[in-house]
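Dear colleague,

Please find below the structure that I am handing over to you. My notes on what was found in it follow directly after.

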Amino acid sequence: MWARHLEREWLDDLPSDDSAAQKSRRDLRRLNYLMLHAGILLRILRTALALTTIHSIIDIGGGDGTFMLTLARRIARRTPGVAVTVVDRRSSLSQETYRGFKALGWTIDLVEADVLEFLAQSTPGRANVIIANLFLHHLREDELRKLFGLAMHVAPLFVACEPHRGWFPLAASRLLWAIGCNKVTQHDAPASVQAGFRDRELSMIWPQHHQWLLQEGRAGPFSHFFVARHAD
């Protein structure tokens, strides 16, 4: 399979109040549903919950927090009172999303910052889990290596769900006009696939350490998952 190719995505350069950007974010919420990412990460988190209690979650590149709210609604009954920190360079939390977390008994803190800078300034063991959903594919290998090196000191569990780099996801990404996605999404979706992952590419970047257990592979028709869990 071809090597990773990173291309600047249009959504990254649009103002948050731009109408095309707002429509593309709605497209992304729909694509998250179609790619089954909530279910994929939910299965990973349920396994984690069988081993430990989750009190704090950091969602890196979490945007407006709506995807994290979807996950929270599915596990809140078993994990009350979780503190969520959403880190993104440009984000906005709607009152509806805030009320959604509050209704679950969870708290949410939105941090507008570069993810690498945020992790570098975080205290060791700040969170139980770091979640990355459709974020890692934006980063070069050197940036991923730095992020992983920081993340392993911040939380004992790191989980990610990213595009699978393959022929079928790429072909599907070029047909999004058929379900009404706008021009921004039509450009960014194939770019995301070509910057995605396959095989054990992320495991090879994670710092090699015997105390960390790594899992990685394809998840569903369009996605790729990665889990790093501290053995303790």
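In this predicted model, helix 2 (residues 37-49) lies across strand 4 (129-133), strand 5 (157-163), strand 6 and strand 7 (223-230). Relative to strand 5, helix 2 runs at about 165°.

These strands belong to an open sheet of 7 strands, whose order is 3-2-1-4-5-7-6 and whose pairing is mixed. At the edges are strand 3 (107-112) and strand 6 (212-219), each of which pairs on one side only. From one strand to the next, the twist averages 15°. Strand 2 (residues 83-88) and strand 3 run parallel and are joined by 6 bridges. To find one of these pairings in the viewer, please look at alanine 83, whose bridge partner in strand 3 is threonine 107.

I turn next to the salt bridges, of which the structure holds 9. Lys23, Asp27 and Arg30 are linked in a network of them. Why are aspartate 27 and lysine 23 separated by about one helical turn? The reason is that they are 4 residues apart in helix 1. Arginine 30 and aspartate 27 also both lie in helix 1, 3 residues apart, which is again about one turn of the helix.

Are these residues buried or exposed? Aspartate 27 has a relative accessible area of 2% and is therefore buried, since buried means under 20%. Lysine 23, at 24%, counts as partly exposed, and arginine 30, at 33%, also counts as partly exposed.

A further salt bridge joins the side chains of aspartate 64 and arginine 29 (3.0 Å, N to O). This pair links distant parts of the chain, 35 residues apart: aspartate 64 is in the loop between strand 1 (56-60) and helix 3 (66-75), while arginine 29 is in helix 1. Aspartate 64 is partly exposed, at 22% relative accessible area, and arginine 29 is partly exposed, at 38%.

Finally, Tyr33, Leu34 and Ile179 make a nonpolar surface patch of about 330 Å². Leucine 34 is found in helix 1 (residues 19-34), and its relative accessibility of 43% makes it partly exposed.

Yours sincerely

Definitions and conventions
Residues are numbered from 1 along each chain as its sequence is written. This is a predicted model: local features need pLDDT of at least 70, side-chain atom pairs count only at pLDDT 80 or more; totals for chains, interfaces and linings use all residues. Side-chain values use heavy atoms; hydrogens and water are left out. Two strands pair if DSSP finds at least two bridges between them. Helices (H or I, at least four residues) and strands (E, at least two) are DSSP runs, numbered from the N terminus. Axes are lines fitted to C-alpha atoms, for helices over the stretch in contact, and angles run from 0 to 180 degrees between N-to-C directions. Contact means heavy atoms within 4.5 Å. Patches are made of residues with over 30% relative accessible area and no salt bridge: like charges are joined within 9 Å, nonpolar side chains (Val, Leu, Ile, Met, Phe, Trp, Tyr) within 5 Å. Accessible areas come from the Shrake-Rupley method with a 1.4 Å probe; for residues, only the protein chains shown count as cover. A salt bridge is a side-chain nitrogen of Lys or Arg within 4 Å of a carboxyl oxygen of Asp or Glu. Buried means under 20% relative accessible area, exposed over 50%, partly exposed in between (1.4 Å probe, protein chains only).
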